[in-house]
Amino acid sequence: MNTPFLKTQDLSKAFGQKTSLFSKSSSFFASKSINIELAPRERLGIVGESGSGKSTLGRLLLGLTHPTSGDIWFEGVNHKDRSARDWQQFRIRTSLVQQNPLSALNPQMTIGEQVAEGLLVHRITNRAGAYERAAAMLERVGLSAAMMSRYPHQMSGGQRQRVVIARALILDPKLAVFDEAVSALDVSVQAQVVALLRELWHELDLAYVFITHDLRIVRHLVDRIAVMYLGRVVETGDIKSVYQWPRHPYTRALLASVPTMDPTVRNIEPPIKSELDASKVSQGCAFRSRCPFAVERCSTEAPLLRPVGGQQVACHRAEEFPQYIAPSAVNLDKEIA
Ligand SMILES: Nc1ncnc2c1ncn2[C@@H]1O[C@H](COP(=O)(O)OP(=O)(O)OP(=O)(O)O)[C@@H](O)[C@H]1O
């Protein structure tokens with residue numbers, strides 16, 4: 001049997017939600033029936049607006065939060081069957097990079113100590129070996145080994161994010177989740193960190209999930225993309241085919257909202273309505289209250305992901321929308337390499 005590197009089946013996570021002081025609490029799904037698969041060295045982007053459940057999915061994949069239902073396999077092992085030893089191996093072979101490097105780093109430890117820590121905690125090498133590997137890793141992410149003795153407050157935001165990346169990759173993980181890993185950085189620093197991640201991926205035996213709300217950035221960094229809306233994947237496919245013919249109205253609206261410098265490009269997509277509101281989801285399509293194309297069927301029957309063009313799309317009307325090449329898809333061929 002083919003053992004999946006990373007696979008989820010009907011993965012769901014519900015949280016309790018207190019609606020008001022006077023009403024009972026209810027629960028809602030931050031992730032709902034997620035089915036994704038990743039091969040070794042594959043790069044998957046997860047996009048969607050704030051609150052769509054991207055971080056929750058990332059945390060589920062890394063075993064940092066427990067699913068309410070469903071399964072996750074990593075390197076062929078189901079999360080429910082992992083022994084304590086398997087969990088330790090899982091922690092070595094997976095890694096998380098979060099948005100805010102300042103809160104991710106300990107202000108009282110030197111950069112060297114923080115980058116080397118994993119090697120010592122997991123007893124992979126002795127102190128001298130850990131020091132040497134941490135210094136080499138810092139150089140690998142574009143910092144100088146002389147920074148080993150500095151503290152986080154003595155570095156710029158971009159340097160701190162490089163430190164966080166060095167710390168995440170020091171154990172040579174096979175799977176990383178980058179959760180808004182460049183979102184808090186200035187645009188010019190962002191471009192440098194994106195270039196670094198691309199370089200590192202070419203050198204390492206690493207698959208990753210890149211979580212972001214930024215559709216400008218993700219296209220430079222992934223092979224496939226999954227678009228999330230209120231905890232569900234509504235469209236997924238190869239990055240090029242999604243950007244060159246998005247089939248779900250939500251994906252189309254997201255891509256149409258990416259700013260472009262080209263004055264000849266006009267937004268032809270009708271805008272989506274109002275704000276994301278989890279309380280409006282009961283039956284039918286979760287997106288229908290905001291969808292300019294919703295019909296009667298959308299309020300009674302929840303659309304399931306199904307093949308449309310080269311993608312999987314959860315929309316009853318997916319075949320009806322004409323090709324819309326997102327302005328941000330220009331030069332995509334050159335950029336994805
Ligand atoms: N521990 C928690 N307890 C209760 N609700 C939570 C918890 N974590 C997340 N949520 C809720 O789950 C939903 C999805 O949150 P999540 O952080 O996964 O979304 P996101 O797409 O990553 O958003 P953002 O980009 O703002 O981080 C949100 O409504 C959030 O408030």
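What you see is a predicted model, so local features need pLDDT of at least 70, side-chain atom pairs count only at pLDDT 80 or more, and totals for chains, interfaces and linings use all residues. Residues are numbered from 1 along each chain as its sequence is written.

Let's start with strand E9, residues 207-212. Helices (H or I, at least four residues) and strands (E, at least two) are DSSP runs, numbered from the N terminus. So is E9 buried or exposed? Mostly covered: 6 of its 6 residues are buried. Buried means 20 or more other C-beta atoms within 10 Å of the residue's own, with C-beta atoms placed from the backbone. On one side you've got Ala207, Val209 and Ile211, on the other Tyr208, Phe210 and Thr212, and both faces are covered.

Now, which strands pair with E9? Pairing takes at least two DSSP bridges between two strands. E4 (residues 43-47) runs parallel to E9, joined by 5 bridges, and there glycine 45 sits opposite phenylalanine 210. E8 (residues 175-179) is parallel to E9 too, also with 5 bridges; valine 177 has valine 209 as its bridge partner. From E8, the chain goes through helix H7 (residues 187-203) to E9, a right-handed β-α-β crossover. Right-handed means that, with the strands pointing away from you, the path from the first strand over the helix to the second runs clockwise.

Last stop, the ligand. There are 12 residues around it, and Phe15, Ala30, Ser50, Ser55 and Thr56 come nearest. Near means a C-beta atom, placed from the backbone, within 6 Å. Helix H1 (residues 54-61) gives the most to that shell, 3 residues.

Terms used:
Buried ≥ 20, exposed ≤ 12 C-beta atoms within 10 Å, placed from the backbone.
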